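Trainee: I'd like to learn how to read a model like this one. Could you walk me through it, starting with the words I'll need?

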Amino acid sequence: MKNEIKLGIILMILATLCFGIMDGVSRYLAEEYNVFIINMYRSWVLVLFVLIYSIKKGGIKQVSSSKKPLIQIIRGILLISCVCIGVYSFTVLGLVAAHTIIAIYPLLVLPLSYYFLNEKIGWRRWSAVFIGFFGIMIILNPISMSFDFNMIWPLILACLLAIYSILTRNISAYDNSETSFFWVAIVGGIVMTMIGPFFFELLILRDIPWFLLLCFLSTCGHFLFIKALETAQASILQPFIYLQLLFASIIGIWFFNDLLTLNLFLGGILIIGSGIFAFIRTHKVENM
């Protein structure tokens, strides 16, 4: 594997920018179309991209060969579920609130890795997890009379993403990143092809460019993400993933008039701060 840190960081920033803009386009379209239809079209384009990419990388048979196909199928179902829940969350909560809550998922990976991967977690990283949960409590404010139950959706998404991350770590010992990416794209495409037609809606002509932009951003984002991980260590790049929250929040505030409340601001600082600290600590422990 290459380890060109600067190039890897640039690629990751570009990937998060694509994903942030993509989330804004997804929210715009979800106000007009069903979530399943949006993601069915996007998944089809991603499948086409993955098939072409696989052919160039040695052939579909070679790239798709997995030692743990069941885990790969579960990963694919989890990821497409996360995408659908995410788009729905953007429409009912806004980009700022949804992304701030979703940002807790890297911290959820730590306790899961402790129980399921037998990884040792020191008191510093456990403290980061508890601080992150405190940030979530500030955002959710469950004792408030104005508690919004829609906030449960991005929290569910964060939990599913954490499980997805654990399975990804597990499968990395058996399959390479290209194989794993192939499976999540294909499984996601199959799932959405089975569900999407039940919610079929005709596209309005003026929205076709937005669908094309959505597919383009999704494909570019995933491609840049893969290339970033091929270029530099994941432990170095991981904190930059939080930039998606920044980009999506700017779009949410600028174009959709999302509100940045005090609860979101304080809770977001605690979540992101503790998350970055946990990753830095993890990197130090792995290199001791």
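Mentor: Start with burial: a residue is buried under 20% relative accessible area, exposed over 50%, and partly exposed in between. Keep in mind that this is a predicted model. Now try it: Phe 49, at 19% relative accessibility, counts as buried.

Trainee: Phe 223 has a relative accessible area of 31%; which class is that?

Mentor: Partly exposed. Those two rings also belong together. For ring pairs, planes over 60 degrees apart count as edge-to-face. The planes of Phe 49 and Phe 223 are at 85° and the ring centres 5.9 Å apart, so this pair is edge-to-face. Phe 49 sits in helix H2 and Phe 223 in helix H10 (residues 208–231), so the pair ties together parts 174 residues apart in sequence.

Trainee: How many aromatic pairs are there in the whole structure?

Mentor: A search turns up ten. One of them is Tyr 41 with Trp 44, edge-to-face at 5.7 Å centre to centre and 85° between the planes.

Trainee: How are Tyr 41 and Trp 44 placed in helix H2?

Mentor: The general idea first: an α-helix has 3.6 residues a turn, so residues three or four places apart point the same way. In helix H2 (residues 35–56), Tyr 41 and Trp 44 are three residues apart, about one helical turn. Tyr 41 counts as buried at 18% relative accessibility, while Trp 44 is partly exposed at 40%.

Trainee: What about the nonpolar core? Which residues touch the most other members?

Mentor: In soluble globular proteins, nonpolar side chains tend to be buried together. Here the largest nonpolar core has 84 residues, and Leu 29, Ile 38, Ile 104 and Phe 181 touch the most other members. Helix H1 (residues 5–30) gives the most to this core, with ten residues. Beyond its neighbours within four places in sequence, Ile 38 is in contact with residues including Leu 29, Tyr 33, Phe 211 and Leu 214.

Trainee: How far apart are the end C-alpha atoms of helix H9?

Mentor: They are 27 Å apart. At 1.5 Å a residue, the 19 residues of H9 (residues 177–195) should span 27 Å, so the two agree. At the start of H9, a side-chain oxygen of Asn 176 comes within 3.2 Å of the backbone nitrogen of Glu 178.

Trainee: And where does the charged end of Lys 68 sit?

Mentor: Over the ring of Tyr 174, 4.9 Å from the ring's centre.

Definitions and conventions:
Residues numbered from 1 in each chain as written. Predicted model: local features only at pLDDT ≥ 70, side-chain atom pairs only at ≥ 80, totals over all residues. Heavy atoms only, no water. Helix = DSSP H or I, 4+ residues; strand = E, 2+ residues; numbered from the N terminus. Expected span 1.5 Å × (residues − 1). Polar contact = N/O pair within 3.5 Å; in protein donor to acceptor, adjacent residues only side chain to side chain. Core = buried A, V, L, I, M, F, W, Y, C linked by side-chain atoms within 4.5 Å. Buried < 20%, exposed > 50% of the residue type's maximum accessible area, 1.4 Å probe, protein only. Contact = heavy atoms within 4.5 Å. Phe/Tyr/Trp six-rings, centres within 6.5 Å; stacked < 30°, edge-to-face > 60°. Lys NZ or Arg CZ within 6 Å of the ring centre and 35° of its normal.
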